[in-house]
Amino acid sequence: MDATISPHNLPQYAPNYLGRKNINMDEEIRLFTNNKDRDKYDNMADLFSIIVLMEHLEKAFIRDSITPNEYTPQCANLIAKYKTTMNFLADSVKDLETFMDDYKLTCPAAVNRFKIGVPATYEHAVEENTNNNRGGKATLYVAETVSHFITLLDTLRVNRLAVDDIHPLLEDLIKALNNVPGLSPDYEAKATVRKWLIVLNGMKAADEITTDQARQMVFEIDRSHNNFYRWLSGDHHEVED
């Protein structure tokens, strides 16, 4: 097998010594020669560790090695660190998949979690206390869900289209939907919110969705809102029996 290395198959951020002559084999090879490059490689090391940590955290949660209450804040913290680190590396790292390919990382659970952008406990309903599914708690969760639907729709309709305006509202809505007892994991509104979370997580915080995307989101969220009301009128009385 030809193991010849050329400048064309090196990652763009890797130091290139192929063009140098008279290399001193006793000389320490440094990844950087200035503070800017040092910060870049420090940030890439941080990104590597964040990806590996998220993979282990997701697997620990799946295997019930940690509780939802232990998992959720740790996962949210890693997601926030991932987004911040990727912003630092915007000029050096094209995307997560490219970085992982370059460093031979295989962490599918981490990729999925970063793609969705919220902990699994937000994405799917996780019951910690069955008493929360009855009486006044159920009524409270329904009221919170309706409120989050309205807040998100109002935000879109006044053309506040920045990712950092919309993403927290989608996150609040998916959490509220998961608290409502009786909704299935594949309930239509949950799938809609997850889809838009994935879209926004592929953008930067300061980016804005297009007017066409905003119109489509309003259409889909409003439809989900109306379907939620129909679900309440038809089935919700069973929850409070």
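In the predicted model, Arg113 is buried, with a relative accessible area of 3%. The side chain of Arg113 meets that of Glu123 in a salt bridge, with an N to O distance of 3.0 Å. This pair links distant parts of the chain, Arg113 lying in helix 4 and Glu123 in helix 5 (residues 120-123), 10 residues apart. Glu123 is likewise buried, at a relative accessible area of 7%. Through salt bridges that share partners, Glu58, Arg113 and Glu123 are joined into one network. A search of the whole structure finds 9 salt bridges.

Helix 4 (residues 108-116) also packs against helix 8 (residues 188-201), their axes coming within 7 Å and crossing at roughly 95°. The two helices, helix 4 and helix 8, are therefore roughly perpendicular to each other. Phe114, Lys115 and Ile116 of helix 4 meet Leu197, Ile198 and Asn201 of helix 8. The residues of this contact comprise 4 nonpolar, 1 polar and 1 charged.

The side chains of Glu220 and Lys195 meet at 2.7 Å, N to O. Glu220 lies in helix 9 and Lys195 in helix 8, so this pair ties together parts that are 25 residues apart in sequence. Glu220 is buried, with a relative accessible area of 7%, whereas Lys195 is partly exposed at 38% relative accessibility. Arg223 forms a salt bridge with Glu188, in which the closest N and O atoms are 3.9 Å apart. With Arg223 in helix 9 (residues 211-235) and Glu188 in helix 8, the pair ties together parts 35 residues apart in sequence. Arg223 is partly exposed, with a relative accessible area of 37%, and Glu188 counts as partly exposed at 26% relative accessibility.

How values were computed:
Residues are numbered from 1 along each chain as its sequence is written. This is a predicted model: local features need pLDDT of at least 70, side-chain atom pairs count only at pLDDT 80 or more; totals for chains, interfaces and linings use all residues. Side-chain values use heavy atoms; hydrogens and water are left out. Axes are lines fitted to C-alpha atoms, for helices over the stretch in contact, and angles run from 0 to 180 degrees between N-to-C directions. Helices (H or I, at least four residues) and strands (E, at least two) are DSSP runs, numbered from the N terminus. Angles under 35 degrees count as roughly parallel, over 145 as roughly antiparallel, 65 to 115 as roughly perpendicular and the rest as oblique. Contact means heavy atoms within 4.5 Å. Ala, Val, Leu, Ile, Met, Phe, Trp, Tyr, Cys and Pro count as nonpolar, Asp, Glu, Lys and Arg as charged, and the others, Gly among them, as polar. A salt bridge is a side-chain nitrogen of Lys or Arg within 4 Å of a carboxyl oxygen of Asp or Glu. Buried means under 20% relative accessible area, exposed over 50%, partly exposed in between (1.4 Å probe, protein chains only).
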